[in-house]
Amino acid sequence: MIKFLIESSSDYDVKEAKEKGIEHVSIPITIGERTFYDDGSVTKDEFYKMTQESEEFPKTSQPSPQEFMEVFEKAKVSGDELICVLLSSGLSGTVQSAALAKDMVDYDNIYIVDSLTATYAIKVLVDYGMELRDKGKNASEITDILNEIKSRVKIYAVLDTLENLYRGGRLSKLEAGIGSLAKIKPLITITEDGKIGVKAKSIGKKKALNDIEKLITAENIDESFPIYSLYSLGTENNETFTDKLSEQGVEFTDRFQIGPTIGTHIGPGAYGIIFVRKE
């Protein structure tokens with residue numbers, strides 16, 4: 001049987017993943033002296049409330065090779081093929097942990113996909129991978145197709161500040177500097193090498209909204225794939241954003257809240273979009 005594995009950065013609903021037979025590795029989150037796993041035990045709203053109430057900046061840790069080994073050993077015993085679609089190697093050492101675990105388990109039927117992306121963009125890849133499986137593609141073919149298509153999966157988001165990305169080590173002080181000013185609303189993306197890229201630093205919410213709208217309407221969106229809108233805490237910015245794009249003919253498939261693993265690095269007040277670009 002061909003199965004899939006994800007970790008918390010995908011923001012894939014844990015209950016939904018379980019129902020679909022998707023293996024899940026949870027990433028630990030630490031806020032002050034409290035550590036919990038991003039496995040649904042703390043709701044997304046609860047997480048953002050915790051960050052607002054704490055003076056401590058939240059931190060994430062990558063899963064250890066041991067956590068992957070437990071799942072890999074199970075696949076080896078049952079003879080399953082396992083496709084792991086993981087957080088970008090440009091943002092985390094998660095792919096490296098999984099590769100080490102694969103070497104230790106010594107099982108060839110484990111396929112590791114460095115998604116070069118994050119959050120629900122990973123869901124897009126996994127869901128497409130399951131469609132390919134159901135159409136009769138084998139694990140090797142699915143892995144090759146996902147590696148081909150992943151560069152077309154795009155994320156654009158507007159943040160309240162770049163401070164979280166700087167403090168989490170995802171941007172340099174120089175890159176994040178101006179984003180700490182209250183009126184600056186950074187527009188970010190994930191680059192083709194899987195790192196955070198700053199597309200614009202807009203002055204004020206209205207300018208940020210206009211800038212992201214202009215960027216997206218210039219894109220050649222493949223409507224055969226889902227189009228997701230995203231938000232971290234509170235849907236007001238997201239609703240304004242989606243209404244504005246809907247007027248331009250963009251039809252959203254669903255609205256999703258970003259969870260603790262990625263929320264740690266973008267903070268509350270963020271909104272954005274995930275789509276697949278045409279070839």
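Visitor: Is the crossing of H3 and H4 right-handed or left-handed?
Guide: This is a predicted model. In it, helix H3 spans residues 65–78 and helix H4 residues 94–105. Their crossing is right-handed.

Visitor: How many nonpolar residues does the contact of H3 with H4 have?
Guide: From H3 come Pro 65, Phe 68, Met 69, Phe 72, Glu 73 and Lys 76. They meet H4 residues including Ala 98, Leu 100, Met 104 and Val 105. By class, the contact has three charged residues, two polar and, as nonpolar, nine.

Visitor: At what angle do helix H9 and helix H10 pack?
Guide: Two packed helices are described by an angle and a distance between their axes. H9 covers residues 205–217 and H10 residues 236–246, with their axes 10 Å apart. Their crossing is right-handed. The angle is about 45°.

Visitor: How many charged residues are in the contact of H9 with H10?
Guide: Lys 205, Leu 209, Asn 210, Ile 212, Glu 213, Ile 216 and Thr 217 in H9 take part. Their partners in H10 are Asn 237, Thr 240, Phe 241, Lys 244 and Leu 245. The residues divide into five nonpolar, four polar and, as charged, three.

Visitor: Which strands stand at the edges of the four-strand sheet?
Guide: The sheet is open, with parallel pairing and the order S2-S1-S6-S7. Two of its strands have a single partner each, so one side of each is left without a neighbour in the sheet. They are S2 (23–25) and S7 (110–114).

Visitor: Which residue in S2 stands opposite Glu 7?
Guide: Strand S1 holds residues 2–7 and pairs with S2 in the parallel sense. Three bridges join S1 and S2. Opposite Glu 7 stands Val 25.

Visitor: What angle does the direction of helix H5 make with that of S1?
Guide: H5 (residues 120–134) packs on the sheet. It touches S1 and strand S6 (81–86). The angle with S1 is about 175°.

Visitor: Which helix lies across S1, S6 and S7?
Guide: This helix holds residues 139–149. It runs at about 15° to S6. The name is H6.

Visitor: How many residues apart in sequence are the parts that Lys 3 and Glu 23 tie together?
Guide: Side chains of opposite charge can pair when their charged atoms come close. Lys 3 and Glu 23 form a salt bridge, with the closest N and O atoms 3.4 Å apart. Lys 3 lies in strand S1 and Glu 23 in strand S2, so the pair ties together parts whose separation in sequence is 20 residues.

Visitor: Which residue in S5 stands opposite Thr 30?
Guide: Strand S3 holds residues 28–31. Two bridges join S3 to S5, and the two strands run antiparallel. Opposite Thr 30 stands Lys 59.

Definitions and conventions
Residues numbered from 1 in each chain as written. Predicted model: local features only at pLDDT ≥ 70, side-chain atom pairs only at ≥ 80, totals over all residues. Heavy atoms only, no water. Pairing = 2+ DSSP bridges. Contact = heavy atoms within 4.5 Å. Axes fitted to C-alpha atoms, helices over the stretch in contact; angles between N-to-C directions. Left-handed = near helix turned anticlockwise from the far one by under 90°. Nonpolar A, V, L, I, M, F, W, Y, C, P; charged D, E, K, R; others polar. Salt bridge = Lys/Arg side-chain N within 4 Å of Asp/Glu carboxyl O.
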